Amino acid sequence: MTYSKPEAKPIMTKATLSSNVLKIPLEQDLLDYAAYIRVKDAAEEVQNTSSLRGLVLVINSQGDNLGDMGDVPGEYVHRIPKGDHGAGPIIQQDALNALWTCMKPTAAFLGEKVGGSSIDLASFCDTRVASDSTILQDDRITLGQTASTGITYLLPRLIGLSQAMRLLLMGGSFNADALLNLQFVHEIVPDCNWQSRIEAMCDEISKMPTRAYEVHKMQVLPQLDISHDAAMIHSLGIRQTHVIKDRQEGIQAWRERRAPRFTGE
């Protein structure tokens, strides 16, 4: 029997701004290069724009459109490896790297279906939220495909080597409860509260001391691959070279027994 993925539905391209948080819908059956470019551009915009406090991806996709990824942007034409094994995922890697290096809050909301490279996009966000109906399944191995986007580095660190091997090598399927048990997602939201929870998350991010968040994240990610002693020195260096203006507001709010009013600076 020949396997074929369904044709991609029209892409939802409109990014929206909610409480100074950029929200990107990835709610198409299959992803193409344009979708990855949107994620890359959004992550870089959030990182480089002081008024933006974070990024939220709303993901409901089965992964890459193996039949037609769309036109390759001009700046990538000379970079993508060719060959019988197919085009290299340089554009996908750039989008994930942009998420990885965005030091402001990033969150992924997982819809009914999350598969293939959509799992990678969710994994590279800081926080993941599932709906009651979420089913996550990686079918790349069953199609003779490889995941060459960096997920083989990150997923074992998120859910452990054994479960990562099960998902990547066996095409495992996980419902929302299983994802929560694996600690891949941090929360399950009833379908009826889906949109309201997305907006609430945006509001929560907008009120966070996102500069302090950034300084924490600058420590956590590089320290995944260094020794404890080196991590201690690295943390001290980060602390001494990055000012958090919100720190004074946090102290003052604590003294006055009130909610802090952070600016993200």
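1. The side chain of N60 places a polar atom 2.9 Å from the backbone nitrogen of K113. A polar contact here is a pair of N or O atoms within 3.5 Å; within protein, one must be able to donate a hydrogen and the other to accept it, and residues adjacent in sequence count only if both atoms are side-chain atoms. N60 belongs to strand β3, residues 54-61; helices (H or I, at least four residues) and strands (E, at least two) are DSSP runs numbered from the N terminus.

2. The model is predicted: local features need pLDDT of at least 70, side-chain atom pairs count only at pLDDT 80 or more, and totals for chains, interfaces and linings use all residues. Residues are numbered from 1 along each chain as its sequence is written, and side-chain values use heavy atoms, with hydrogens and water left out.

3. N60 has a relative accessible area of 18% and is therefore buried. The classes are buried under 20% relative accessible area, exposed over 50%, and partly exposed in between (1.4 Å probe, protein chains only). Leaving aside residues up to four places away in sequence, N60 touches L26, E27, Q28, G111, E112 and K113, where contact means heavy atoms within 4.5 Å.

4. Helix α1 covers residues 33-48, and its end C-alpha atoms are 22 Å apart, in agreement with the 22 Å that 16 residues should span at 1.5 Å a residue. The expected span is 1.5 Å times one less than the number of residues in the helix. Its buried residues are Y33, A35, Y36, I37, R38, V39, K40, A42, A43 and V46. The cover over these buried residues includes β2 (21-26), β3, α2 (90-101) and α3 (117-123).

5. Helix α2 has 12 residues and reaches 16 Å from its first C-alpha to its last, close to the expected 16 Å. I90, I91, Q92, D94, A95, L96, A98 and L99 are buried in α2. Among the elements covering them are α1, β3, α3 and α8 (210-220).

6. The whole structure contains 13 salt bridges, each defined as a side-chain nitrogen of Lys or Arg within 4 Å of a carboxyl oxygen of Asp or Glu. One of them joins E44 to K40, with the closest N and O atoms 3.3 Å apart. These two residues are four apart in helix α1 and so are separated by about one helical turn. E44 is partly exposed at 33% relative accessibility, whereas K40 is buried at 17%.

7. E204 and R197 also meet through their side chains in a salt bridge, at 3.2 Å from N to O. E204 is partly exposed, with a relative accessible area of 39%, while R197 is buried at 15%.

8. In helix α8, E214 and R211 lie three residues apart, about one turn of the helix. They form a salt bridge whose closest N and O atoms are 3.1 Å apart, and both residues are buried. Salt bridges that share partners also join D120, D138 and R140 into one network.

9. M170 lies in helix α5, residues 161-170, and is exposed at 63% relative accessibility. With L161, M165 and L169, M170 makes a nonpolar surface patch of about 440 Å².

10. I233 is located in helix α9, residues 228-241, and counts as exposed at 64% relative accessibility. I233 and Y213 are separated by 20 residues in sequence and by 19 Å in space, C-alpha to C-alpha.

Notes. Patches are made of residues with over 30% relative accessible area and no salt bridge: like charges are joined within 9 Å, nonpolar side chains (Val, Leu, Ile, Met, Phe, Trp, Tyr) within 5 Å. Accessible areas come from the Shrake-Rupley method with a 1.4 Å probe; for residues, only the protein chains shown count as cover.
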